[in-house]
Amino acid sequence: MKKFLLMVALALGCSVLVSAQVSVKEGRFRKGDNPAWSQAGFNDSDWQVLSLEKDWTLQGIQNPYGYAWYRIHLVIPSSLKQGSTDRIVLDLGPIDDADETFLNGTLVGKTGSNPGDAAGFVGEWQTPRRYLVEPKLVRWDKDNVIAVRVYNGGDPGGFYARPICLGKPELADFVQLTMVKKEDRHQAVIHAKAQSRGLVKVVVRDVLEDKVVSEKEWKATVSPRADVAIPVTMQGQQQVTVTYTDDKFGETLTASASAPYILTPPAPATPRYNGPLVFGVRPGSPVIFRLAFSGEKPMKYAVEGLPEGVSLDPDKGVLSGSVAKAGDYPLVLVAKNAKGEARAEFTLKVGARIGLTPPMGWNSWNCWGLSVSQEKVMSSAAALINRGLADYGYAYINIDDAWEAEERAPDGRIVTNEKFPDIKGLGDWLHSNGLKMGIYSSPGDRTCGGYLGTLDHEQQDAETWNEWGVDYLKYDWCGYRKVFNPDPDHSVAAYARPYMKMQQYLRQQPRDIFYSLCQYGMAQVWTWGHAVDANSWRTTGDITDTWESLYDIGFKRQVGLHPYAGPGHWNDPDMLVVGKVGWSNSLRDSRLTPDEQYAHISLWSLLAANMLIGCDIAQIDDFTFNLLCNNEVNAVNQDILGHQAHMDLEEDGVQTWSRDLYDGSIAVGIFNLNEETLPVDLAGALAKVGLEEVAKVRDLWRQKDIPMGLYHIAPHGVLYLKVTVK
Ligand code: GAL
């Protein structure tokens, strides 16, 4: 089964080529398959013209499966001949799913495999294609034809990310430097496709002290037959950067690794409130709210100013009941333990809007995928409480795909499969602990995982979910494609239709159901998600635990979306990929480096993103806890203004994002998207984004005020700050 995932375009553009000379944005296109279409002389003048930057579904290609061909005409200038090597490189970007590429009739590359091949169909939609081409195949200064045979096993199909480029190869086409982690040991490995000689350099930094500990360099020769392996050892809070500079190209490759260093200071033993400052509930709907205080247990809780109808469990700190009358109810939340007492001002907002701050919680997908079971959900839910994450405001426990039975009951009612013997019991348990239950379905007849969807049972399912105690619905487009694609109406109204229909029934239920749209950002959902009364909408395809995915989803596709988020309606860049993930029964540590994980959580905090933990909470380690439970970082995400950050500056691979906070300060993230450590003059970096009259700068991860001066940001790392201006 090929899962439907919207494409992740890689961070690479044409600029990755040292000297890209040709870039082409369009090609001729035809569905079907014919070997004659690879030939340069074939007449394709009646073929359709298609953008290479958008996939098939976005360009109205009906039934976007199976074979199709692109024919791309271009003049290749002879100036490309004078390179440091004799070959040129064809940089095609990612293609969904498998391709065979011909230049003037000769096969020059193939990625993935087709159904008829010995290996069977293997999609490689995320892999950027870079094919080295012999100069003798090129017709210099004349028309050339790149013919690409594409096989697509599922939506969306074809080229989709960026223009294709042609240019001189770069070092990375011949030599690769990668950091490999085996068990707990790191090794940098240099692998060469052609003989190369160059300089290896290993720099060890102490991240917390922000200084270089050691530096070593030596000359090395790498040949295609023998990789060079460099053992990398780090102690404590150290980060190691290995570089290789090739003599002939003069270019440098970089790889780095760091130990998972902890920045968040441990919480004090005295009670401390870490939760949101507001909570929205509709009149008459159940109030389900857990007071989020860290500190030594046991704790006794109290709430001052509780409206009629709501009561508190003083041992668990759980509010329940309901409020009949709309209005703002100012409360004081109090927690007491052996070490002291804490009080927090808080407003219970009874009115039409819910989801006043981004939802925080857990979802089963990024860890368990289709192997999810009630037992696994329960295990993460219990750990949310026992390991203390509920003390930081994480409250939703969301079951993703694969809870549904093979068939509906004879009366049409949706039922769970054998992995979920008692979903109502699960809901009751969650509610009695102040946690909320989420569920997943599709407006189509099938979900993405091939399970039963809701099509034609909208009202019935909404009623069933209400009975089970569902507080959150993730409604995933997937199977709805079967209804949508054949219909010529692809207007925004047509995209919105299934979502409006469901919302009508959700709103009829006597409980609040956070409504989360999942349709990967189609038809710019952020511009109309609010109008269908959604509480959040996914803005992209699925995230995965790689830098390419994080870069694409976070640093590329969220730019400019800030005007569309606010209390009650949020942009959702997908769930978190820290901790143990795996989308299956077998889990692994997130493949993001520690610095990338800091960048990930910082960006999601800035973006006012849904904070849905994607790992198995029962197996959470101290590093992951430190990422998820920094109360100052989370306070930005939960800030009651709900102003999503905007990108203020992108320069030399550095992005600076900021957002206004309700206390008048500004959260600023300076992200180093480069492979090298970045020295930053703090005053200069802040001045560049208009923050000149600065009274105070606080490092949010370290939770301490810092002076102006020179700081170093790790590769793919972040400096996450709260700035107070005079
Ligand atoms: C995808 C969705 C994922 C997950 C999956 C379940 O379409 O984007 O987040 O829900 O379906 O099959």
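Me: Where is P298 found?
Reply: P298 is in the loop between strand 22 (293-294) and strand 23 (300-304). Strands here are DSSP runs of E with at least two residues, and helices are runs of H or I with at least four residues, both numbered from the N terminus. A cis peptide bond joins K297 and P298, with omega about 0°.

Me: Before I go on, what should I know about the model and numbering?
Reply: This is a predicted model, where local features need pLDDT of at least 70, side-chain atom pairs count only at pLDDT 80 or more, and totals for chains, interfaces and linings use all residues. Residues are numbered from 1 along each chain as its sequence is written, and side-chain values use heavy atoms, with hydrogens and water left out.

Me: OK. What joins D96 and D97?
Reply: A cis peptide bond, with omega about 5°. D97 sits in the loop between strand 5 (88-96) and strand 6 (98-103).

Me: And what's the phi of N63?
Reply: Positive, about 45°, although N63 is not a glycine. N63 is in the loop between strand 3 (48-51) and strand 4 (66-75).

Me: On to the ligand. Which residues come nearest?
Reply: D400, C448, K474, D476 and D542, out of 15 residues around the ligand. Being near takes a heavy atom within 4 Å. By class, the shell has seven nonpolar, one polar and seven charged residues. Ala, Val, Leu, Ile, Met, Phe, Trp, Tyr, Cys and Pro count as nonpolar, Asp, Glu, Lys and Arg as charged, and the others, Gly among them, as polar.

Me: Which side chains have polar atoms by the ligand's oxygens?
Reply: D400 has a side-chain N or O atom 2.6 Å from a ligand oxygen. For K474 the distance to a ligand oxygen is 2.8 Å, and for R538 it is 3.2 Å. The protein covers 100% of the 310 Å² of accessible area that the ligand has on its own (Shrake-Rupley method, 1.4 Å probe).

Me: C448 was on that list. What is C448 joined to?
Reply: C478, by a disulfide with S to S at 1.9 Å; the cut-off for a disulfide is two cysteine sulfur atoms within 2.5 Å. The structure holds one disulfide, and the link is right-handed, with 110° about the S-S bond. C448 lies in the loop between strand 30 (436-441) and helix 4 (458-468), and C478 in the loop between strand 31 (470-476) and helix 5 (481-484), so the pair ties together parts that are 30 residues apart in sequence.

Me: New topic. How many cavities are there?
Reply: Four of 30 Å³ or more. A cavity is a set of points on a 1 Å grid over the protein atoms alone where a 1.4 Å probe fits but cannot get out, with lining residues having an atom within 4 Å of a point. Points are joined across faces, edges and corners, and the volume is the space filled by probe spheres set on them.

Me: What's the volume of the largest, and what lines it?
Reply: About 410 Å³. Of the 29 residues that line the largest cavity, F279, I288, F289, Y396 and K436 are the closest to its centre. The lining has 18 nonpolar, six polar and five charged residues.

Me: Which strand gives the most to that lining?
Reply: Strand 20, with four residues. Strand 20 (278-281) and strand 21 (289-290) each supply at least two.

Technical notes
On a 1 Å grid over the protein atoms alone, a cavity is a set of points where a 1.4 Å probe fits but cannot get out, and a pocket is an open set with protein on both sides within 12 Å along at least five of seven lines; lining residues have an atom within 4 Å of a point. A polar contact is a pair of N or O atoms within 3.5 Å; within protein, one must be able to donate a hydrogen and the other to accept it, and residues adjacent in sequence count only if both atoms are side-chain atoms.
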